[in-house]
Amino acid sequence: MKILVCISHVPDTTSKINFTNDNTEFDTNGVQFIINPYDEFGLTKAIQLKEAQGGTVTVLNVGDNTTEPTLRKALAIGADDAIRVDAKPSDAYFVAEQIATVVKENEYDLIICGQESIDYNGGQVGGMVAAMLDLPYASPCVGMDIDGSTATVLREIDGGKEKSKMQLPIVIGGKKGLVEEKDLRIPNMRGIMTARTKPLAAREATGAEARTSAVKFEKPAPKADVKLVDNVDDLVNLLHNEAKAI
Amino acid sequence: MAVIVFAESWEGKFKKITHEAVSYAKDVANAEGTDVIAVTVGSIDDDASSLGKFGATEVINVTGDAFGAFNASVWAAALNEVAEAKGAKHFVISGTNNGKMIAPMLSVKANAAYISNAIEVPSNFSPFTVRRSAFSNKGLVDYQTTAEKVIVGIVPNAIGVKEHGGDASASSHASSVAADSKSEVLDVDRVKGKIPLPEADLVVSAGRGMKAPENWNMIEELADVLGAGTACSKPVSDIGWRPHSEHVGQTGIQINPSLYIAIGISGAIQHLAGVSGSKTIVVINNDPEAPFFKAADYGIVGDAFEVVPQLTEALKSFKANQ
């Protein structure tokens with residue numbers, strides 16, 4: 001089975017978010033970048049599937065060369081090879097076009113994205129790739145079994161779960177549940193050593209054009225200090241008269 | 001022209017967030033001098049014309065053999081079919097679990113730009129500009145597109161329902177969209193008798209401070225009085241005190257209720273990432289240094305085992321006097 005795991009290179013969850021260049025860009029200064037947490041669940045799932053059923057795991061990122069440490073980390077965790085599409089990931093449509101192009105060339109059986117990336121929280125790429133290639137899609141995917149050419153996938157719906165049977169190849173948008181957090185793979189020393197020599201190919205982007213652009217960033221207004229109350233009647237009163245929440 | 005809004009339903013009933021999506025679509029339509037067409041897919045028991053109150057002029061129920069169990073690709077094709085027949089350029093889709101699957105697929109099928117996570121009505125129409133949240137609510141971004149067709153995905157509960165008043169005509173559309181032969185729903189397991197968390201307007205959530213799963217009675221009672229959904233922190237679902245479906249936070253479910261009451265939750269950044277879109281946050285914690293107080297609007301420093309039953313009683317008398 002050929003598995004493609006799409007990896008977003010995102011600021012660490014605890015990063016301070018700042019904007020620069022007259023609030024037209026995200027300020028990457030001093031920001032630690034990581035593998036998108038949702039993609040980490042997908043990557044571990046891919047490695048587990050490979051170990052159980054054989055096959056290959058390729059990781060893919062659309063980004064400039066500053067994302068290579070993130071791809072190397074994915075290789076150290078256990079992916080076999082990496083592809084970097086050398087372009088700024090300007091919007092979801094552009095990124096989806098790049099992924100779809102790579103999938104068409106290499107005929108993967110399983111394309112794993114995260115349910116969203118934790119930077120822009122778009123949640124768009126997986127669905128676009130599926131529609132571009134006319135493949136079944138499941139997101140947020142919280143469980144998956146593969147038996148031959150059939151996948152059984154579990155996805156979250158509002159207030160529950162839905163189980164479907166799908167014909168491979170498929171695209172999923174994964175999250176916790178695909179594997180449990182305690183089972184997430186982390187790079188060990190051997191993995192880090194072998195990752196250095198695993199193939200990481202940079203390729204040019206296709207000529208797709210972005211459809212949307214971020215023109216201005218702003219930080220949400222800082223929250224006013226918490227109002228501490230010492231009895232529940234005051235709280236009910238404030239919730240009703242001030243916050244108008246009840 | 002017209003603005004197409006996906007009128008999502010569950011077991012034949014419109015979801016509450018559908019009303020919000022329709023009234024948002026009406027704001028978009030008003031600004032452009034056009035009308036709202038609400039599109040429902042599959043069987044509906046609710047009175048379709050009830051969406052008129054929220055701003056729909058027309059409600060079209062798409063019918064056909066393909067519309068049994070949910071399939072995002074098929075649903076997207078149906079919306080696109082209606083949009084093409086009506087010459088619609090704009091779509092509004094609420095960011096529910098189903099909506100978030102439909103919208104990106106529709107964007108490819110309809111050749112439309114897709115801006116998700118919108119939290120305001122578009123500020124401009126030439127070029128189309130709308131504000132969305134990003135960086136787990138730590139940033140706001142104005143997104144722009146010059147595309148002819150645009151899909152706006154809105155954050156459920158972030159904008160609110162507005163009654164525009166009016167009547168809607170109801171009709172049905174026999175669709176030629178084919179079923180998806182590559183995907184089949186086997187089973188749907190939905191919590192019965194509870195408000196699905198993403199739809200809950202009020203949420204009562206508790207963490208390790210509750211000390212043991214049997215102490216959740218008081219959390220349930222408080223939620224009952226408020227008509228709220230119940231949620232929990234990650235450690236609590238990890239140790240199995242509460243089901244995973246209640247876990248809110250970055251790796252769990254992300255919610256934007258109008259009121260979020262956090263009891264015995266310290267407020268780790270990963271938890272905040274899932275709840276900071278809440279309009280009003282109340283924190284009850286016996287540790288005055290709990291980081292959650294910094295993100296809260298109101299707080300009580302105190303023992304949950306004393307404060308929560310008192311709050312339940314106070315709310316009961318408040319409700320009785322309403």
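1. Some bookkeeping to begin with. Residues are numbered from 1 along each chain as its sequence is written, with chains lettered from A and ligands numbered from 1 in the order in which they are written. Because the model is predicted, local features need pLDDT of at least 70 and side-chain atom pairs count only at pLDDT 80 or more, while totals for chains, interfaces and linings use all residues.

2. Six of its six residues are buried, so β4(B) is largely enclosed by the rest of the structure. Buried means 20 or more other C-beta atoms within 10 Å of the residue's own, with C-beta atoms placed from the backbone. B:Val36, B:Ala38 and B:Thr40 point one way, and B:Ile37, B:Val39 and B:Val41 the other. In a regular strand the side chains alternate between the two faces of the sheet.

3. On to its partners; pairing requires at least two DSSP bridges between two strands. β4(B) runs parallel to β1 (residues 3-6) of chain B, joined by four bridges, with B:Phe6 partnering B:Val39. Five bridges pair β4(B) with β5 (residues 58-63) of chain B, also in the parallel sense, and here B:Thr40 partners B:Asn61.

4. Which strands form the open sheet of six? The order is β15(A)-β18(B)-β17(B)-β16(B)-β14(B)-β15(B), with parallel pairing. Its edges are β15 (227-228) of chain A and β15 (229-232) of chain B, each pairing on one side only.

5. The two chains meet in this sheet where two bridges join β15(A) to β18 (residues 298-301) of chain B. There, A:Leu228 stands opposite B:Gly299.

Key:
A residue is buried if 20 or more other C-beta atoms lie within 10 Å of its own, exposed if 12 or fewer, and partly exposed in between; C-beta atoms are placed from the backbone.
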